[in-house]
Amino acid sequence: MAAVDAENDARHILDIAEGFMKSQVLFTSLKLGIFDLLDKSAAPMTAGRISEAIGADTDATKRLLNACAGLGLLQKENVDKETGDGEYQLTQASRMFLTPSSSTNLGDWLGRLAVVFSSPWGDLPKAVKEGPAFSTLNGLDRGRTFEDVYSTEKYFMGAMEGLTTVFGARTASAFDLAEFQNICDIGGCTGPLAYHLAAAYPKAAVSVFDLPEVVKVAEDRRPVAEHAERVSFIPGDFFKDPLPPADLYVVCRILHDWTEDKVLVLLTKMHDSLPQGGGLLIAEYMLDDDKTGPEVAHKYDLHMLLFTGGRERSGQEYKRLLTMVGFTEVTVRSNNYPFGHVLARKAPKYSAQL
C-alpha cells in the first residue's frame, strides 16, 4: 500500500473514532442553551456575553463556541486579528434544526441521544461551566501523574505511539533538519517519531527522553531496521531532571497537556539547554489564528480541557510563547493534518551580542 493511501485510510478510521467528540460539542451546546440564546438575540454575541448568560466560564465557553464555528454550527464574525476573538450567530441550518422556535427543531431528539451517551466527554457541560476549576479537580493537576497513567491505563502507551507511527514522517519532513546532528525527542514514548527522524536524517544521532516506565519497554518495541539502531533511550522526567544534550529538541503532543505557566517552564528549560543556534521543533494539533479550525484541533482542545487542564494553541500563540523565553526565527507551518509544526531557534552567539 502506498504511503499516501495508508495515511488516508488511517485518517478515515480516526475520523470515525473521534466522531463522538463532535457529538458532544453539539450536545453540550444544546444543553447549555446556546442555540436558543442566539435565536432570541437581536444581534451576534461575544463569548463573554454568552458565558455570562449561560453562567459558564468565559474561556471554556469561547473554546466551545470556536469548535461550533469550526463544525459549521455557528458563524463567527468581526474577528480580531490579534486575539482571534469575535462574535457568534446562528447559521441557517442551526436556526432551522436546533432552536425551539423552529417547526423543524431536532433538539428534543438530539437531547435524547445525549442522555444515552456515556463517556468522560459526558462531563463537557460541567467542564465548560467550571473552566479551570474542573481541570484542577479532574485533570493531571489534581495530583495524578503520567507515571500513574502509564502504569494504570492499558492502552495509553499504544495511543501515544499510534499517531506518530502513522504520521511521523510528515513531522520529520515538515522542515529541512539536516543541519542538526544530535536530535532529542522529549517525551517521545517508545520512539515512533524518533525512528522517522532517524530514517530521514541518516547522519544524525537521535535519542528519546521519557519516563523510566516507558524506557523499560522501549527496547522490546524497537523495529528491525538499520536506522532504528541509531535511536537511543534516556530515562528521566522533563520537568524534574536535566535534559540530555542536543542541538535540536523535538516535542510532539507534549505542550498541549499543560497550562501556560508549565509550558513556559519547559520552553525555558529547552532554550537554556540548547547550544547557540540550536533548534526546537514543535508538533501539535494547531488552531488557525482565528480559531475557527481545523476540526481536529477543536476536538482535542476540548479533550485537553476535560482530561489534563491543557489546551491546543494557534501558531500565533506559539510564536508569542517562544519569543517570551528567548527563541528567534520562529516559523509556523500549520496546514498539515493532523499536526501543525513550529521550528524555532536559539539566537546564535553573534546575534546575541548585536
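**Exercise 1. Determine how the axes of helix H2 and H15 cross, and which residues meet there.**

*Solution.* Step 1: Helices (DSSP runs of H or I with at least four residues, numbered from the N terminus, as are strands, E, with at least two) are located first. Helix H2 spans residues 19-31, and its axis comes within 10 Å of that of H15, crossing at roughly 70°. Axes here are lines fitted to C-alpha atoms over the stretch in contact, and angles run from 0 to 180 degrees between N-to-C directions.

Step 2: Angles under 35 degrees count as roughly parallel, over 145 as roughly antiparallel, 65 to 115 as roughly perpendicular and the rest as oblique. H2 and H15 are therefore roughly perpendicular to each other.

Step 3: Contact means heavy atoms within 4.5 Å. On the H2 side, Met21, Lys22 and Val25 meet Glu295, Lys299, Tyr300, Leu302 and His303 of H15. By class, this contact has four nonpolar, one polar and three charged residues. Ala, Val, Leu, Ile, Met, Phe, Trp, Tyr, Cys and Pro count as nonpolar, Asp, Glu, Lys and Arg as charged, and the others, Gly among them, as polar.

The model is predicted: local features need pLDDT of at least 70 and side-chain atom pairs pLDDT 80 or more, while totals for chains, interfaces and linings use all residues. Residues are numbered from 1 along each chain as its sequence is written, and side-chain values use heavy atoms, without hydrogens and water.

**Exercise 2. State how many salt bridges the structure holds, and name the residues linked in a network.**

*Solution.* Step 1: A salt bridge is a side-chain nitrogen of Lys or Arg within 4 Å of a carboxyl oxygen of Asp or Glu. The structure holds 17 of them.

Step 2: The network links Glu18, Lys22, Glu295 and Lys299.

**Exercise 3. Explain what the salt bridge between Arg170 and Glu7 ties together, and classify both residues by accessibility.**

*Solution.* Step 1: The N to O distance between the two side chains is 2.6 Å. Because Arg170 lies in helix H11 (residues 156-172) and Glu7 in helix H1 (residues 3-17), the pair ties together parts 163 residues apart in sequence.

Step 2: Buried means under 20% relative accessible area, exposed over 50%, and partly exposed in between (1.4 Å probe, protein chains only). Arg170, at 23%, is partly exposed, whereas Glu7, at 12%, is buried.

**Exercise 4. Describe the salt bridge between Asp59 and Arg311.**

*Solution.* Step 1: The side chains of Asp59 and Arg311 meet at 3.1 Å, N to O. Asp59 belongs to helix H5 (residues 58-70) and Arg311 to the loop between helix H15 (295-307) and strand E10 (313-314), so parts 252 residues apart in sequence are tied together.

Step 2: Asp59 is partly exposed at 31%, and Arg311 is partly exposed at 23%.
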